[in-house]
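Trainee: Could you pick one part of this model and look at it closely with me? I'd like to see how its residues are placed and what they touch.

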Amino acid sequence: MTDLDDIKDGKDFGTEVPAVNEPFFLKGSNALDWGMQNRLGRIFSPKTGRTVMLAFDHGYFQGPTTGIERIDLSIVPLIPHADVLMCTRGALRSCIPAATDKPIALRCSGGQSILTELSNELVAVEIEDAIRLNAAAMAAQVYIGAEYEHKSIANVVKLIDTGTRYGIPTLAVTGVGSDMVRDARYLGLATRLAAEIGAHYIKTYYIDEGFERVTAGCPVPIVIAGGKKLPELDALTMASRAIDQGALGVDMGRNIFQSDSPLAMIQAVSAVVHDDEKPDKAFDLYQTLKDQLA
């Protein structure tokens, strides 16, 4: 039997070197199972502890909004420069090449449109389909203080429970309605609540005053939403300030795919997030790359 031939006793056991279990690098994630940590380690760079997520899931309630009318034309060229793709299962299956090696944060909430109450969502993807799509994370909105607050929390809880069973993290996205105030008190409440019910990382909005208290009071990583389209320098400044105040990345959509040069913009954003580039230098990079790509 060949596997019994020439068996040699082990001799190099490194007895003089203590065994080491290195703690996981990501905030609030050290007690998670190996599969969960592995997926989070694909979302957040182990080198920097940060991430640049490219969000193009807007169509699930907005339809073909400006910049993502043709995902194959506007988003696919950006994929090499993103750390994570944030999208729906429909867009993933129909537009994103299966050969891509980028982790997927799968939009798993839905059930409403811009014509109705935004907080009235449901879980729109079953765990089996998230597994089939090799999702690195599942995402759902949580609307604290909105009409359907309880329902949105229940949606996130369902994703957390089913995702934990199979080692898939949950991203809770704090939705803010038009009647809600975006301040440190509200965002601190929303992000902490999402973390307390078990979300593995949180997407929320950056605010000019008190954002460092929001990140400090949240025991799991926070990434900021890009929000509405801003001038490129303003968007880069927002990202830089958020990182300086404790955010571990960005999940940008419109500020990238609606930019005059999306390919240049995503690289400038990455320079801010991963290289600590200051906004003015990152904007210079954006201008240089824009000119080269023209």
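Mentor: Happy to! Let's start at tyrosine 186, which lies in helix H7, residues 184–196 (helices are DSSP runs of H or I with at least four residues, strands are runs of E with at least two, and both are numbered from the N terminus). Before going further, please keep in mind that this is a predicted model, where local features need pLDDT of at least 70 and side-chain atom pairs count only at pLDDT 80 or more, while totals for chains, interfaces and linings use all residues. Residues are numbered from 1 along each chain as its sequence is written, and side-chain values use heavy atoms, with hydrogens and water left out.

At 12% relative accessibility, tyrosine 186 counts as buried (under 20% relative accessible area is buried, over 50% is exposed and in between is partly exposed, with a 1.4 Å probe and protein chains only). A polar atom of the tyrosine 186 side chain lies 3.4 Å from the backbone oxygen of glycine 175. That is a polar contact, meaning a pair of N or O atoms within 3.5 Å; within protein, one must be able to donate a hydrogen and the other to accept it, and residues adjacent in sequence count only if both atoms are side-chain atoms. Glycine 145 is 41 residues from tyrosine 186 in sequence, and their C-alpha atoms are 9.2 Å apart.

Arginine 192 is partly exposed at 37%, whereas glutamate 196 is exposed at 52%.

How many salt bridges does this rule give? The count comes to eleven. One of them joins the side chains of arginine 93 and aspartate 129, at 2.6 Å from N to O. Because arginine 93 lies in helix H4 (residues 89–95) and aspartate 129 in helix H5, this pair ties together parts that are 36 residues apart in sequence. Arginine 93 is partly exposed, with 49% relative accessibility, while aspartate 129 is buried at 7%. Another salt bridge links the side chains of glutamate 232 and lysine 229 at 3.5 Å, N to O; glutamate 232 is buried at 10% and lysine 229 partly exposed at 29%. Salt bridges with shared partners also join Arg89, Arg93, Asp129 and Arg132 into one network.

Now to a buried lysine. Lysine 203 is found in strand S8, residues 201–204, and has a relative accessible area of 9%, so it counts as buried. Its side chain makes a polar contact of 2.9 Å with the side chain of aspartate 251. Setting aside neighbours within four places in sequence, lysine 203 is in contact (heavy atoms within 4.5 Å) with Ala55, Leu171, Ala172, Val173, Thr174, Val223, Ala225 and Asp251.

Asp251 turns up again around leucine 54: not counting residues up to four places away in sequence, leucine 54 touches Ile75, Leu78, Ala82, Val84, Leu85, Met86, Asp251, Met252, Ile256 and Ile266.

The side chains of histidine 274 and threonine 48 are joined by a polar contact of 2.8 Å. Beyond its neighbours within four places in sequence, histidine 274 is in contact with Ser45, Thr48, Arg50, Thr51, Val52 and Asp83. Aspartate 276 lies in the loop between H11 and helix H12 (279–293). Its phi is near 55 degrees, a positive value in a residue other than glycine, and at 42% relative accessibility aspartate 276 counts as partly exposed.

Technical notes: Salt bridge = Lys/Arg side-chain N within 4 Å of Asp/Glu carboxyl O.
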